[in-house]
Amino acid sequence: MFKGEKLICTIEDNGIGIDEINQKLENNKNSLATTITSERLAMLSKEFNNEGAIEVQNRKIFGKEGTLVTLMIPYKIE
C-alpha cells in the first residue's frame with residue numbers, strides 16, 4: 001500500500017511472537033536481519049530525504065499469536 005511518499009509493507013506470522021523470542025535471546029543481542037533492514041532504510045531515507053522505519057509488534061495486542069512487522073519504505077516517483 002502506498003501512503004504519502006512511503007510504501008507500507010506488512011508481514012505477519014502466527015508463530016510464538018516476538019516477546020517470547022526476545023526472552024530466549026540475551027537482552028543485548030539484536031536480530032541481524034532487523035539491523036540490516038534498519039541500515040538499508042536509513043540509506044533510502046537519506047537518499048530520498050524522507051524518513052523510513054521498521055516497526056515490530058507482538059500480535060498479542062490484537063488478540064492473536066505471532067509477530068507483525070511493518071516496513072515504511074521511502075520512495076520517489078520520477
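**From the sheet to Asn58**

Visitor: In which strand is the place of Asn58?

Guide: This is a predicted model. The protein chain has 2 helices and 4 strands, and along the sequence they follow the pattern β-β-α-α-β-β. Asn58 has its place in strand β3.

Visitor: Which strands stand at the edges of the sheet?

Guide: The open sheet of 4 strands is antiparallel in its pairing, with the order β1-β2-β4-β3. Two strands have a single partner strand each, so one side of each is left without a neighbour in the sheet. These edge strands are β1 (2-3) and β3 (53-58).

Visitor: Which residue in β4 does Gln57 stand opposite?

Guide: β3 pairs with strand β4 (residues 67-74) in the antiparallel sense, over 6 bridges. In β4, the residue opposite Gln57 is Leu68.

Visitor: What angle does the direction of helix α2 make with that of β4?

Guide: Helix α2 (residues 32-48) packs on the sheet and touches both β3 and β4. Its direction and that of β4 make an angle of about 25°.

Visitor: Is Asn58 buried or exposed?

Guide: The cut-off for buried is under 20% relative accessible area. Asn58 has 7% relative accessibility, so this residue counts as buried.

Visitor: How far is the backbone nitrogen of Lys60 from a polar atom of the side chain of Asn58?

Guide: Asn58 is in strand β3. Between a polar atom of its side chain and the backbone nitrogen of Lys60, the distance is 3.0 Å.

Definitions and conventions
Residues are numbered from 1 along each chain as its sequence is written. This is a predicted model: local features need pLDDT of at least 70, side-chain atom pairs count only at pLDDT 80 or more; totals for chains, interfaces and linings use all residues. Side-chain values use heavy atoms; hydrogens and water are left out. Two strands pair if DSSP finds at least two bridges between them. Contact means heavy atoms within 4.5 Å. Axes are lines fitted to C-alpha atoms, for helices over the stretch in contact, and angles run from 0 to 180 degrees between N-to-C directions. Buried means under 20% relative accessible area, exposed over 50%, partly exposed in between (1.4 Å probe, protein chains only). A polar contact is a pair of N or O atoms within 3.5 Å; within protein, one must be able to donate a hydrogen and the other to accept it, and residues adjacent in sequence count only if both atoms are side-chain atoms.
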